[in-house]
Amino acid sequence: ALPDPLGRARRALGRALELDAVDQHGWEGLAAAYFFDRDAEGFAHASERPIALNDRNAIALAMMGVLKV
């Protein structure tokens, strides 16, 4: 396996969001990567974006709510 899977995920999602900054699914993934990497500040920022982009995205609302608890 390649080393640092969360770091690679963050970099890939960061690149994806550079290409499309309003991709709510990219922000969801980035928030999850920050959460599992125990980066509270990164998670706090990234978890707000998918909901700000689409407050009717029930999956994002549920996922961010579960991870914030």
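1. Tyr34 and its neighbours. Tyr34 touches Arg10, Asp39, Gly42, Phe43 and Ala46, leaving aside residues up to four places away in sequence; contact here means heavy atoms within 4.5 Å. Tyr34 sits in helix α2. Helices (H or I, at least four residues) and strands (E, at least two) are DSSP runs, numbered from the N terminus. Tyr34 and His45 lie eleven residues apart in sequence, and their C-alpha atoms are 9.7 Å apart in space.

2. Basis of the note. This is a predicted model, in which local features need pLDDT of at least 70, side-chain atom pairs count only at pLDDT 80 or more, and totals for chains, interfaces and linings use all residues. Residues are numbered from 1 along each chain as its sequence is written, and side-chain values use heavy atoms, with hydrogens and water left out.

3. Helices α1 and α2. How do the axes of α1 and α2 cross? They cross at roughly 155 degrees and come within 9 Å. Axes are lines fitted to C-alpha atoms, for helices over the stretch in contact, and angles run from 0 to 180 degrees between N-to-C directions. The crossing angle therefore makes α1 roughly antiparallel to α2. Angles under 35 degrees count as roughly parallel, over 145 as roughly antiparallel, 65 to 115 as roughly perpendicular, and the rest as oblique. The crossing of α1 past α2 is left-handed: the near helix is turned anticlockwise from the far one by less than a right angle, while clockwise would be right-handed.

4. What meets between α1 and α2. From α1 come Leu6, Arg10, Leu13 and Leu17. From α2 come Gly26, Trp27, Gly29, Leu30, Ala33, Tyr34 and Phe36. By class, this contact has eight nonpolar, two polar and one charged residues. Ala, Val, Leu, Ile, Met, Phe, Trp, Tyr, Cys and Pro count as nonpolar, Asp, Glu, Lys and Arg as charged, and the others, Gly among them, as polar.

5. Helices α3 and α4. Helix α3 covers residues 40-53 and helix α4 residues 58-68. They pack at an angle of about 160 degrees, with axes 9 Å apart. That angle means α3 is roughly antiparallel to α4. Here too the crossing is left-handed, with α3 passing α4. Phe43, Ser47, Glu48, Pro50 and Ile51 in α3 meet Ala60, Leu61, Met64, Leu67 and Lys68 in α4. The contact has seven nonpolar, one polar and two charged residues.

6. Ser47. Buried means under 20% relative accessible area, exposed over 50%, and partly exposed in between (1.4 Å probe, protein chains only). Ser47 touches Ala31, Met64 and Lys68, again not counting residues up to four places away in sequence.

7. Salt bridges. How many salt bridges does a search of the whole structure find? It finds three. A salt bridge is a side-chain nitrogen of Lys or Arg within 4 Å of a carboxyl oxygen of Asp or Glu. Side chains of opposite charge can pair when their charged atoms come close.

8. Asp37 with Arg10. The closest N and O atoms of this salt bridge are 2.3 Å apart. Asp37 is partly exposed, with a relative accessible area of 34%. Arg10 is partly exposed as well, at 24%.

9. Glu18 with Arg15. These side chains meet in a salt bridge at 3.3 Å, N to O. Glu18 and Arg15 are three residues apart in helix α1, so about one helical turn separates them. Glu18 is exposed, at 60% relative accessible area. Arg15 counts as partly exposed, at 47%.

10. Arg11 with Asp4. Their side chains form a salt bridge at 3.8 Å, N to O. Arg11 is exposed, with a relative accessible area of 51%. Asp4 is found in the segment before α1 and is partly exposed at 42%.

11. Positive phi values. Phi of Asp4 is near 55 degrees, a positive value in a residue other than glycine. Arg38 is not a glycine either, and its phi is positive at about 60 degrees. Arg38 lies in the loop between α2 and α3. Its relative accessible area is 79%, which counts as exposed.
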